[in-house]
Amino acid sequence: MNLKEDPMSKQSIQVVVAYDFSPSAEHALSRAIEVASRAPQHVLHVLTAVDPHDRPPSGGSHDNPERIQQLVVEVMKLAFAGRPGAAEVQFFVHARIGKPAQEILQLASEVGADLIFIGSHGKSGLERMVLGSISERVVREARCAVLVARPKGYPQIELLKVVPFDHARVAHREPHRYSYTDNQVIARPADWPLS
């Protein structure tokens, strides 16, 4: 079925989720499911792209994308298990053999993606130069928003409490006149007329 002909696709937000069984991909999938659970108009497209030169996921093989797809469906069942009841979430599972960045960008183009979730493996310096960075290429070449998901590394901070403050409220703020000239925004005196 061509997803572009699906009547739901016109009103749905198409979200591609790159999933490679790694901890960072688990985090990206979890974030995408959170978003889709809160906003049922999101349709998830979970993609596992296996490079033919890399070792396939446990239980899968390069010549059997159907088995990889089954493994991802099992992951999806576990990801949804135990979640509080939410709106129905629509998702597709895609398994492809090829270069991951290229397959992610190709799927995004095919489904008219509005958003891509991808994990970050945290490679830096020479390791990234030699191996390349899938998330970096997707961010650079995607024609939609890309969220690179990472586990939180900041400590939990106790923030100050917001204290209500009663003050006079007004329905609007009087407009103020500005002019722009010679690369400067100039505020005009408040008593100058607006016309």
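**View 1. Arg-96 sits in strand E3.** Strands (E, at least two residues) and helices (H or I, at least four) are DSSP runs, numbered from the N terminus. The model shown is predicted: local features need pLDDT of at least 70, side-chain atom pairs count only at pLDDT 80 or more, and totals for chains, interfaces and linings use all residues. Residues are numbered from 1 along each chain as its sequence is written, and side-chain values use heavy atoms, leaving out hydrogens and water. Arg-96 counts as buried because its relative accessibility is 19% (buried means under 20% relative accessible area, exposed over 50%, partly exposed in between, with a 1.4 Å probe and protein chains only). Leaving aside residues up to four places away in sequence, Arg-96 touches Leu-47, Thr-48, Ala-49, Val-50, Glu-103, Gln-106, Leu-107 and Glu-110; contact means heavy atoms within 4.5 Å.

**View 2. Five strands line up as an open, parallel sheet.** Their order is E3-E2-E1-E4-E5. At the edges are E3 (90-97) and E5 (145-149), each pairing on one side only; two strands pair if DSSP finds at least two bridges between them. Neighbouring strands are turned by 20° against each other on average, direction ignored. Here axes are lines fitted to C-alpha atoms, for helices over the stretch in contact, and angles run from 0 to 180 degrees between N-to-C directions.

View 3. Look for Ile-118, whose bridge partner in E5 is Val-148. Elsewhere on the sheet, helix H2 (residues 65-80) packs against E2 (42-50) and E3, its direction making about 145° with that of E3. Helix H3 (residues 100-111) touches E1 (13-18), E2, E3 and E4, and its direction makes about 150° with that of E2.

**View 4. Helices H1 and H2 pack together.** H1 (residues 23-38) meets H2 at an angle of about 55°, with axes 11 Å apart. H1 is therefore oblique to H2 (under 35 degrees counts as roughly parallel, over 145 as roughly antiparallel, 65 to 115 as roughly perpendicular and the rest as oblique). From H1, Glu-26, Leu-29 and Ile-33 meet Val-75, Met-76, Ala-79 and Phe-80 of H2.

**View 5. Phe-21 lies in the loop between E1 and H1.** Take a look at the backbone here: phi of Phe-21 is near 70°, a positive value in a residue other than glycine. With 29% relative accessibility, Phe-21 counts as partly exposed.
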